[in-house]
Amino acid sequence: MDKTEVKKVFCGICGPCCPIDAYVKEGKIISVEGSYGGLCAKGAASKQYVYNKERILYPMKRIGEKGSRKFERITWEEAFDLIVERLLEIREKHGAKSTIFYAGYPKWYRPALLRLSNAYGSPNFCTESSTCFQAADIAWKSIYGNNICFPDMNNAKTVLFWTSNLYHSNTPMSKMYQGLKKKGVKIIVVDPRKTATTCEADIHLRIMPGTDGALALGMAHVIISENLYDKEFVENYVYGFEEYWNYVKDFTPDRVSEITGEDPEKIIQAARMYATNGPAGIMFSACTVVHHINGVQNYRAVQILPALTGNYDVKGGNPVMSGPAAPCNEFGRVKRYDGEEAIGEKDFPVWFDLPCNEAQCTRLADYILKEEPYPIKAFVGFGFNRRMWPQPDYLQEAMKKLDFFVNVDLFMSDSCDMADLVLPACTSFEREEVKALKGGKFAISQKAIEPLGEAKNDIEIIIQMLLRMGLHDEALEKGYENYMNYILEPSGLTVEELRQHPEGLMSKNLRYPEEKLYKKQGFQTPSGKVEFCSQVLEKYRDSYGYKGIPEYIDFREYSGVDQEKYPLILNTGTRKPHRFHARVYRVPWLANLEKEPLIELHPDDAEIYQLSEGEEAIVKSPVGEMKGIVVLSKNNYPGIVHIYHGNVKGEANDLISKDYLDPISGFPGYKSYFCKIEKI
Ligand code: SF4
């Protein structure tokens, strides 16, 4: 009889990629547990995720009308033949740019898909980051010129968590958070809600959603007017300080209190604590601040604070490197082919100027339906989830118009409805993968079981597409094993060595942090300094109305929505520990935790609208409506409605207008639109 084996796998359901011990018997996963402690609810339900009845097991070709959900099983040979025929024909007739290569979830294969897009000749490599994280990085790049610097929490005396509820959005970090508390580190949390994270904070700044920019400008006002800023740094390394200070002067604590709803004394206290109890780091969230129509400018106001207070690139602040790192190929190192105009380039030029190695596709549906800036004919999707977009039904209609649409995915979701071809991908339990870990370590995510049905590793599928179309890419064309070794090459390690060491190995070449490298190298910005007034944004002042300073625009004044008709603020997608976009609703353990779409409402609002807990209600916005069950919560301010998205039983993103976008990044204002609620 087979004995039970323990395989070391990295969870692929969401971002942190937690290490999992998978217990495997007779070729099947019998249970899972966290390698170094607990897993979140989603990770703990991995078995039901892998063996889910909605898994796509074979290549499937559409045989009915688009949207009829009629598919038939075909062989991989037939599937690849069809892909090659259609993609080469479309390239010949309409040019390579008419094909979009799209990476959704998971993310691990992104550089390989970018290589395929480049080899095909399309500038249109896009990812789900068109609505997640990239705007935060763009904001940072416009100030410092490099990628966002996260805090060095091991050495910080104060940590400012700006809209991060770690317990729900990054479970492994919640342990570290508890460690900070034990060490006596001062903690400030900015969050419109009361959460597990805010409960343990020394100061909780509870602001109205979308007012982050005003709060940050108010903190800067205190810091500068009380002479708590780093004058030496500002004098030598900052561009545009005077213009910035002239603007900041108007953001007195009293005015900021009126905008944000927070007590002016608490704003002053937080500003003093952050500026004087250093080193102090700011933990930035991926999308909460940027899911507003003034998202980039709001985040710029926040992200200037490390430079203002001398916390940029110092131990315990926001350093460029907080510990040793290992060199490797791929992530962030493959450049997008930009020889032709990409989608989104005319709408959001700063996205491309800064630059970002993907096109901006928030307006994908418009680009397809209106043939802007040119006809889009084919879409090669990996983990495409239409529910990540505002008004997802509108996008569904657009996908119908495509001449060829292939989606590679784990589950037969309704995002596959308009596809001509649906291909089965593997979970992380069914393939090997090289993982770069913190501190310069590498490990291999072991293949715990054989792929279910005829599922394949995403990168194997990408390589087959490349080779069968006769395209060339040096890193990919030698096969998957060689590609993994190519990723590892600069580290001096090989896949075979990692296979012998499931616990992981340190890179043979390490890079060590060097504090304040800017003293030698300057900053990669047009001025060579930290730009409190961004020259990249200023360039578009006349043509697009962008401002170089972190201008605060209040969504309540600029939304264009009739707020008498839609008096409640709508916030979609606030993180829940048992949800991850649309993906895990189908997992029974998780589905049972929350069976119906929930509408979170403050008891004061429930009284106004004569609604009670557990009652069904309808939420309406200028563009859509959805039904759900009322849940009362005092965690929110009155006047704000929270609904999670991605639910086939009631889609919150149906309520968000596709045109309600941050003009700089193109990010939808998911966290501050408007709605009303009615009894049924
Ligand atoms: S937080 Fe949960 S779902 Fe995300 S990687 Fe970790 S275990 Fe998996």
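Okay, quick one today. Domain bounds here come from an automatic or database domain assignment. For this protein, that assignment gives domain 1 (150-319) and domain 2 (555-679).

Before I go on: this is a predicted model, where local features need pLDDT of at least 70, side-chain atom pairs count only at pLDDT 80 or more, and totals for chains, interfaces and linings use all residues. Residues are numbered from 1 along each chain as its sequence is written.

So, the two domains. Taken over C-alpha atoms, their centres are 27 Å apart. On contacts, meaning C-beta atoms, placed from the backbone, within 7 Å, 21 residues of domain 1 meet 22 residues of domain 2. On the domain 1 side, helix H6 (166-169) and helix H14 (295-303) are the elements giving two or more residues; helices are DSSP runs of H or I, at least four residues, numbered from the N terminus. H6 gives the most, with three residues.

Now the inside. A nonpolar core is a set of buried Ala, Val, Leu, Ile, Met, Phe, Trp, Tyr and Cys residues joined through C-beta atoms within 7 Å, and buried means 20 or more other C-beta atoms within 10 Å of the residue's own. The largest core has 111 residues, and Met 219, Ala 220, Val 641 and Cys 675 have the most contacts inside it. Helix H9 (residues 212-225) supplies the largest share, nine residues.

Take Val 641: leaving aside neighbours within four places in sequence, its contacts include Leu 568, Ile 599, Val 619 and Cys 675.

That's me done, thanks.

Definitions and conventions: Two residues are in contact if their C-beta atoms, placed from the backbone, lie within 7 Å. A residue is buried if 20 or more other C-beta atoms lie within 10 Å of its own, exposed if 12 or fewer, and partly exposed in between; C-beta atoms are placed from the backbone.
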